[in-house]
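The structure is shown first.

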Amino acid sequence: MTVKITWHGHATFSLDVEGFRLVVDPFLHPHNPAATVTAEELAADFILVTHGHTDHIADGVALARQTGAAVISNVEIARWFKQQGIHPTYGMNLGGGHTFAFGRLRLTIAHHSSELPDGSYGGSPVGFLINCNDGHDLYIAGDTALTYDMKQIGDGGGVDLAILPIGDYYTMGPEEATVAAQWVKAKQVIPCHYNTFPMIQVDAAAFARRLQQEAEIDCTLLAPGESTTL
Ligand code: NI
Ligand code: MN
């Protein structure tokens with residue numbers, strides 16, 4: 001009973017949950033300077049989109065067309081995919097959950113902004129709380145500031161893995177992400193949204209050390225293309 005997590009650089013992940021293939025925030029080669037794979041090389045049954053910024057959605061339509069994967073996001077982004085012929089789409093909203101084939105997924109609050117690549121309104125940015133069918137609980141924060149709402153996730157029992165942005169400038173930085181990891185009661189953290197662009201250069205090894213020393217939480221640093229399992 002494992003969940004396999006592969007980082008593609010920036011905020012893009014492939015998750016394999018008991019044979020169901022989830023891709024989070026598809027931003028791939030050549031759009032994503034850190035990615036080693038193209039959309040054509042990825043498999044997906046579900047595509048999860050946290051918000052409409054290009055660095056999270058650039059390869060979304062191409063990947064959905066090629067794989068036939070279902071798109072899970074907020075109402076506005078799901079509608080945008082639907083308008084481009086993508087089917088099926090799940091347009092959820094903050095706080096709402098649904099049971100999918102891979103487990104239960106709930107949209108969590110992310111404090112950020114959102115606009116789709118063509119300038120249309122992207123609705124509220126979101127994160128994802130996933131109770132996988134194999135028993136693992138995952139929190140994918142999305143692009144967000146540190147928010148007190150994260151405490152609710154910890155109060156709900158915490159998570160086996162939190163995927164948190166640490167790049168600063170557009171999102172939380174390492175200091176806030178250390179607090180976020182404690183608030184959501186994460187057993188393990190994988191950082192993302194750093195070192196892709198000049199404004200988000202971060203010493204990830206220092207973040208990993210800080211997390212271990214200040215919070216006794218394990219941090220797994222992946223290189224783009226690298227995987228780990230829970
Ligand atoms: Ni963003
Ligand atoms: Mn971003």
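Contact here means heavy atoms within 4.5 Å. The model is a predicted one.

**Nonpolar cores**

By this criterion, and leaving aside neighbours within four places in sequence, Tyr-139 is in contact with Thr-108, Phe-128, Leu-129, Met-150, Ile-153, Val-159, Leu-161, Ala-162, Ile-163, Leu-164 and Val-184. Tyr-139 belongs to the largest nonpolar core, a set of 55 residues. Within this core, Leu-105, Ile-130, Tyr-139 and Leu-164 touch the most other members. There is also a second, separate core of 19 residues, with Val-37, Leu-42, Leu-63 and Phe-81 among them.

**Metal site**

Which protein atoms are the donors of the nickel ion (ligand 1)? They are NE2 of His-51, ND1 of His-53, NE2 of His-112 and OD of Asp-143, at 2.2 to 2.5 Å from the ion. The angles among these four donor atoms run from 85 to 179 degrees, and the site is irregular. Four donors count as tetrahedral if all angles lie between 85 and 135 degrees, so the value of 179 degrees rules out that class. In sequence, the donor residues follow the spacing H-x1-H-x58-H-x30-D.

His-51 lies in the loop between β4 and α1 (54-57), and His-112 in the loop between β8 (103-109) and β9 (126-132); the pair therefore ties together parts that are 61 residues apart in sequence. His-51 is buried, with 0% relative accessibility, whereas His-112 is partly exposed at 24%. Asp-143 bridges the nickel ion (ligand 1) and the manganese ion (ligand 2), and these two ions lie 3.1 Å apart.

**Backbone geometry**

Most residues other than glycine have a negative phi, and most peptide bonds are trans. The table lists exceptions of both kinds.

| Item | Feature | Angle |
|---|---|---|
| His-29 to Pro-30 | cis peptide bond | omega about 5 degrees |
| His-87 to Pro-88 | cis peptide bond | omega near 0 degrees |
| Asp-25 | positive phi | phi near 50 degrees |
| His-193 | positive phi | phi near 60 degrees |

Where do these residues lie? Asp-25 is in the loop between β3 and β4. Pro-30 is in the loop between β3 (20-24) and β4 (46-48). Pro-88 is in the loop between α3 (75-83) and β6 (89-92), and His-193 in the loop between β12 (188-192) and α6 (204-215).

Definitions and conventions
Residues are numbered from 1 along each chain as its sequence is written. Chains are lettered from A and ligands numbered from 1 in the order in which they are written. This is a predicted model: local features need pLDDT of at least 70, side-chain atom pairs count only at pLDDT 80 or more; totals for chains, interfaces and linings use all residues. Side-chain values use heavy atoms; hydrogens and water are left out. Helices (H or I, at least four residues) and strands (E, at least two) are DSSP runs, numbered from the N terminus. A nonpolar core is a set of buried Ala, Val, Leu, Ile, Met, Phe, Trp, Tyr and Cys residues joined through side-chain atoms within 4.5 Å. Buried means under 20% relative accessible area, exposed over 50%, partly exposed in between (1.4 Å probe, protein chains only). Donors are N, O and S atoms within 2.8 Å of the metal (3.2 Å for Na, K and Ca); water is not among the atoms, so sites may look incomplete. Four donors count as tetrahedral if all angles lie between 85 and 135 degrees; four count as square planar and six as octahedral if opposite donors are over 155 degrees apart and all others between 65 and 115; anything else is irregular.
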